[in-house]
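Colleague: I would like to learn how to read an interface and its charged pairs from coordinates. Can we work through a case together?

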Amino acid sequence: MASQLVSHKNLKYVPLGDQTLVVQFENKISIEVNRGVQAFANLIKSRKISGIVQLIITFNSLAICYDPVRISFYKLADTIRGLEDQISEDHAIPSKTIHVPVVFGGEYSPDLDEVSARTGLSPEQVIQTLYSKPYYVYMVGFVDGTPYCGDIDERLVLPRRSNPRVKVRKGAVAIAMNQTSLYTIESPGGWHLLGWTPMEVFNPYQERPCALVAGDYLQYVPISADESERWDDQRQREWDREWNS
Amino acid sequence: MEFVKVVKPGFFTTVQDLGRLQYQNLGISTSGAMDGLSLRLANLLVGNDEEDAALEATLIGPKLRFAADGVIAITGGDLSPALNGIPVPMWKSIRIRQDDELSFGNCVTGCRAYISIAGGIEVPPIMGSRSTYFRGHYGGHEGRALKIGDEIPIGNCRFNLYDIEGRRLQPGAIPDYRTDRPIRFIPGPQADAFTQESFEWFTSRPYDVTNESDRMGYRLQGQQLEHVNGADIISDFITVGSIQVPAIGQPIILMADCQTTGGYTKIGVVISVDLPYVAQKKPRDQIRFEAVDVTYAQELYAKREKMISGLKLLNRMLLV
């Protein structure tokens, strides 16, 4: 008997323009709600409904892009609503854990001292707390495969920086609110930077451009500065064989 | 034709097709032509597939020299195109000879012109598309806008050039960027996050397009809108045409290069058939919004797609 997910009650079906339908789940960030979104996405995928172009998972909603010439908003909403009762834990995909090598300290952790001062934890405690457990990937969004992961230890929860940086280095490992993320390309950013990874979690030229997808787990693994500076494709392949296969 | 040489790049000219529609679940911006309709029509006029890559010129067009004989078409905003200094018509396929030069002058209507070349632009596809995403430095020609001296590779044309030269569109098929018209949108998904009064203001007062408007989004300025319970939501999916309203109460229309998720309330989404008219707006132009329902928007879309299907059929008949 498939276990029912309680998080799919009272779903709302709303148009996001004329080519996207959004299924809104409970208005909160929780792994349970997000797994409900995952499960519904996989259930819909398995039905191969004509006209659906793409499914996008976010924290607590599922966006369904479709071709309105092949299926109207109301027809699609009816079809999908008809599947609601069949959402079960079995449809939540088996998640994988991706281990990401991270160098901590010194120039790699520009906000470590500030986070330490604001949380009352020592710099060592801040870092150990961050890499002590895997984080659930709620969604991949914003730009170029940015993963939104959580939940971090509540002692590390801080609002975003009041003064965002104009430029954050690609590979920066960061926290804000109860989330952690990686900067997949150089960009402006307001999160607190606690480490840096030489691993390319986003590469537009690969067949699978993103190492992480929604529903995965992310685990930081500390490495030395020396090792990070010597990181190359071969080392990445060895790492993936050892940790990520 | 092997390539087109960039003599002058213009203000901001990029290679675009219809974008990366299958990768938004990985946080990949769709990119693609801002005015997708004009790009599709430009391609169909020269016998290309509608999703082939062409050039998108912005405000000031480029100067291009053709390496061989061929056929081109220019659509979209009127940036005063000329061939070897002589004005040429838009929305029509034009025969060009080796070493001909295409240049542009004043921006008369709209702001984005599309230049298609029979055979299409043959830069390597990245994640299923040849569109330039210049913020991520990938796609298009070396992930950037065109520069002086660039040689843009062109594919093989499937047709005899004389079969596709001089083709034109039915007058009704050409979008009219000159006449003032409302931009229609479907309210939601957070239209109820605004006061009733604000929603009425939004649909009754014009908004100015500000200088902070580009391929990522159009920042508008007008009557300030008020939220009932704040402007922030749990980040969710955003699509091209989404009208976000952050706490300052001024709307932002997200465009082709927008991010895939966002945490601001969306008062509505511009309907597909009106997106080209937004894309042709430039700073200091005005936008008036009009709410419509999703069924009506989908009827308009189906009607437009039927017109384009007819043009595609004509191209297939040429191949027989």
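Modeller: We take the interface between the chains, then the salt bridges. The model is predicted.

Colleague: How is the size of an interface often given?

Modeller: As the accessible area that is lost when the parts come together. Here chain B and chain A bury about 3200 Å² between them, with 63% of that area from carbon and sulfur atoms. On the side of chain B, I234(B), F237(B) and Q298(B) lose the most area to chain A, together 21% of what that side buries.

Colleague: How many residues are in contact?

Modeller: 39 residues of chain B touch 43 residues of chain A.

Colleague: How many salt bridges and polar contacts join chain B and chain A?

Modeller: The salt-bridge count between the two is zero, while 14 residue pairs are in polar contact across the interface. Helix 5 of chain B gives the largest share of its side, seven residues. By class, that side has 19 nonpolar, 16 polar and four charged residues.

Colleague: How many salt bridges are there over all chains?

Modeller: The count is 33. In one of them, R165(A) meets D111(A) at 2.7 Å, N to O. These two residues lie 54 apart in the chain, R165(A) in strand 8 and D111(A) in the loop between strand 5 and helix 3 of chain A.

Colleague: Why does D111(A) count as buried?

Modeller: Because its relative accessibility is 2%, and the cut-off for buried is under 20%. D111(A) and R165(A) also belong to a salt-bridge network with E114(A), R118(A) and R161(A).

Colleague: Which residue forms a salt bridge with E50(B)?

Modeller: R40(B), with the closest N and O atoms 2.6 Å apart. Both E50(B) and R40(B) are buried.

Notes. Residues are numbered from 1 along each chain as its sequence is written. Chains are lettered from A and ligands numbered from 1 in the order in which they are written. This is a predicted model: local features need pLDDT of at least 70, side-chain atom pairs count only at pLDDT 80 or more; totals for chains, interfaces and linings use all residues. Side-chain values use heavy atoms; hydrogens and water are left out. Contact means heavy atoms within 4.5 Å. Buried area is the accessible area (1.4 Å probe) that two parts lose on being put together, summed over both. A salt bridge is a side-chain nitrogen of Lys or Arg within 4 Å of a carboxyl oxygen of Asp or Glu. A polar contact is a pair of N or O atoms within 3.5 Å; within protein, one must be able to donate a hydrogen and the other to accept it, and residues adjacent in sequence count only if both atoms are side-chain atoms. Helices (H or I, at least four residues) and strands (E, at least two) are DSSP runs, numbered from the N terminus. Ala, Val, Leu, Ile, Met, Phe, Trp, Tyr, Cys and Pro count as nonpolar, Asp, Glu, Lys and Arg as charged, and the others, Gly among them, as polar. Buried means under 20% relative accessible area, exposed over 50%, partly exposed in between (1.4 Å probe, protein chains only).
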